[in-house]
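Here are some notes for a colleague who is opening this structure for the first time. They take up a helix pair and then a sheet.

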Amino acid sequence: MAGECVPESPDLGEMGEEELWDLINDNRHRISLGVQPGILIPYLRQARVLTEMDEDEILSCHNFTNRSMRTSHMLDLLRTQGRNGAVALVESLMIHYSHLYTQVTGRKPSTEPSRFSGLIKYSELTEYLVRAVTGMQKELQEARCEASRKSASCASLELEIRQIMELAEKSRCLQSENEHMRRHLCSLQRDVTKLKDEKCDLYMRYTAAIEEKSAVNIRLHDLNLQMYQLQTELQKAQTENEFQKRRSLRCAPAETPQLQEEVRSLRCQLVKAEKLDPARQDILAQDLAEAIDSQVELAEQLRCYREENEQLLREKQVLLDQKECLSLQVQQLTLDCNMHQQKSTVIQNQMKELQAERDQAYLSRDEAQTMIARILAEKDTLRCQLVELQEQVFSVQAQRSPREQQWRSCDVETEEDWESPRSSFEESPISPPRIPNRKRLCRMDAINPCAFNSECEDANSVRSRNVEPPSRESLLRREEALYADSSLEAVETESLLDDFVLIPSDLESFESKCLILFSSLHFSLTSLSRTSVPPFLMRCRQKAIRVNGRVLSISLQGEALLGQLAVVGGNKTGVFVHQVTEGTAAHTVGISPGAQIVEVKYEQNQKALRMVLEDSTLEEAMWALGQVTGLCHLSLRPRQDDYEALLQQLQSSATSSGDSFYVRVNLSLPAGPNWTLAVSCNDILHVTNTRPAGAEDSWHASQVHPCQLLDLQSGSVPNYYRAQRLLIRAIEDMSFQTKKSQKAGRLVARKKQKAVRIVGTGRQGRNPLWVSVEEENTKSAESGDTSAPRSCLTLMPYSPVTPHFPPVCRPVLLLPTILGHILNKKMADWQGFQLCEPEVLSSSEHAAQLQRSEILEECEQGRSCCYTLQSVERVMEKGIHCVLPLGLDCVRRLHRAKIFPIIIFIGQSARSARKLRSKLQRHSQSEEQLLACSRSEEPLLDKLPCLYHNVAQDSWCDQTSLLTNLRTVIWREQKKIVWVEPDLW
């Protein structure tokens, strides 16, 4: 295993070549997987077992697609070096990969000099080991710092996760309590249902008792009636008895026994009747008393039941209120839990992005190290080539014995010409017979090898060979040296070899010209005065290229500059030189395709003008280059990779140019021939080409999807100045139209107002889409009558806009203001909406926030009560819409704080105002005031730097339908992209 201790193996110095390579080949797979060639190559180069070509082949060959293949190829190259290659490989493993060294050799790594084979000198080995240890210590320190940062971030994430888990646990507890309360509520509802059933049974029993009571009363009435009848019969019988007695006294005695018998029978019946009546009366009285007692008891029970029912109803209401509160708490906790989950997801995504950025940084570091190594190797190659060229020059100089006398005679003639001043060279240059077919000397503003005197100068000089960039002091010294006076002194004479370089076409001409150059220089060093130089070494023209960071400044004669070079690109990619005509001034100074034109400076009407083309469109760049007459200065930035990428896109038809920007149309344009695009006022267009082929006064543009950055229908539209003329013509038609009738005139005016949006450039006085033209000295706004940007009118047919994607719910602003105050309270009652409340500020807070432009509007109650930006932000942080009871003045203050409200204008007429008469009267407003407010605020909407939504007058019939329509409009506007133009007012 890798981690196990391996016993000491024989000394490597005693092992032969085959034994060493057998040992390495046994662990070849492990070495190929665990070794980075870029780390071992410097030591192997120091040990002289790998050459520069081997290094380039290992690191730059495209056939090796991964690190293992490069490592295997490095082992194969080391195998050709025999035992030295194996020993150097093992020693490099001992320095950089100690665990692999232990696994391969079975020995513990050590940095003692005795453990090395002597392939590298002791001083060089010590220096290399110190550098390696220092680099590893730096990497270890960086790794520890990165680990500490990661551990801190992990700890914070774990803390947040614990908090989220605690919140989730609380939410689960609340959910369980909610379930328990729900079950308790269900049981109480069942109890209430049972009580209701018992109450119904009592009602039924009470009804039956009442019916029984009524039956008893009827029975009692019947018995009383029967008793009354019996009493009547008894009185009748008594009367008849009395009558019979009197009659019997008159009648004969024969009838007396019969009458006596009847009297006895009647008396018996009377006795029986008298005996039965009191018992019945007692029974009926007792029944009546019992019925009355039962009625009292039932009434008492009914009263108790009613009280219990009222108590249960109160308890039921309390439970319902508790249920609503708990449901609201559950919803709030659910939202909090979802929010924390989203936060945790965002944090995890950020962690992934940080890891990706860290990996990318590591890759960039490796690439930078590889690039530095390659540059150093190229420098070594150039040094070798310089040494070889010097050896060739010396060999040629040694072979010039036959012609030495002839050249000296030429030097004597040349000495006579040196006595003249520098201006004489310009009048009478060297004649061709003296130096036939001499190549032009090219200026080198690069490295002067003689300037490296000390380590301090190496670190701070622009001529330094170190990888670090030059310091600011070095750049200033270099600039002063470049623009110094052209008088040549002895120091400049000594550095003539470094200031100029000869570019040969073939070796023979190179040898002859080297002879001329060295003989002339030899004579100049011995007999040349301090105020004159050889004429053929004088600068006959000003330096063309000046190195200023990554931007090159080139001076040339710019007559018909567009005829000398062709350009491609646009504001998105930059304007690049595409073609350069041979033989022109642009070709002579060395302008080549692939350079980005950053800036143009030239003179016009005795004024120095400066045009910045770094972010200009293709149309602007071609116009600016066409204005150049005479001497001009071009600032170029080499960007070959971006230029080639643009050419590939143009060849594949992925894009038609390098232009890409968005504009807001301020007039309506109908469709026409040649694929002309029909656009309406306030439409958003994506311009992708400002100079399409075959149409100089048109742009190629596409309509934009309202909710996404997607191009829809595309076509051509007029360019800025052609559209400006169309806008002026439309305004003239609106101003001078013939009024056939008052009604027709109103209709036409209404249509024209929708078709044109009058917007000016404000204080700039020029096209905001055009290139920046500045005067070098005065910086004034006017540059002459021939300058197109300075002669443009203030009307803007297109306004530049930028897209914004608000992450949260946008505030809502309703207009006209009078109608907005009426509807704001209704909207605030909706779910997801809240009315912005004013804040009471002290005098110091009011002054501070007023200075920071955080006060949106002051209330009518007093100066200390204001609507502030913080109140709007607090509502937006809740994830709901903030209803703004404000005016149009707050829009620009909100835009400065990156808050983009939804602006809704409700169109008004006399008919629509009558629909809101009752609402207006309730708020002490009238229809005339509403119409006046609408007419005064509607023209101000076109001056806003953003779009707004206009609700038509006939789209609603009453307040309810208007609110429903507004809710739909807000939902749609929330999904749209917010297009904001620069505020020019």
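1. How do the axes of helix 24 and helix 31 cross, and within what distance do they come? The axes of helix 24 (residues 817–828) and helix 31 (residues 959–975) come within 11 Å and cross at roughly 70°, where axes are lines fitted to C-alpha atoms, for helices over the stretch in contact, and angles run from 0 to 180 degrees between N-to-C directions. Helix 24 and helix 31 are therefore roughly perpendicular to each other (a term for angles of 65 to 115 degrees).

2. This is a predicted model, in which local features need pLDDT of at least 70 and side-chain atom pairs count only at pLDDT 80 or more, while totals for chains, interfaces and linings use all residues. Residues are numbered from 1 along each chain as its sequence is written, and side-chain values use heavy atoms, with hydrogens and water left out.

3. Helix 24 contributes Leu823, Lys826 and Met827 to its contact with helix 31, which in turn contributes Gln959, Leu962, Leu963, Leu966 and Ile970 (contact means heavy atoms within 4.5 Å).

4. An open sheet is formed by six strands in the order 13-12-11-10-15-24, with antiparallel pairing; strands pair if DSSP finds at least two bridges between them, and strands are DSSP runs (E, at least two residues), as helices are (H or I, at least four), numbered from the N terminus. Strand 13 (711–718) and strand 24 (978–980) stand at the edges with a single partner strand each, so one side of each is left without a neighbour in the sheet. From one strand to the next, the twist averages 45°.

5. Within this sheet, strand 10 (residues 661–665) and strand 11 (residues 684–689) run antiparallel and are joined by four bridges, and Arg664 stands opposite Ile684 in strand 11.

How values were computed:
Angles under 35 degrees count as roughly parallel, over 145 as roughly antiparallel, 65 to 115 as roughly perpendicular and the rest as oblique.
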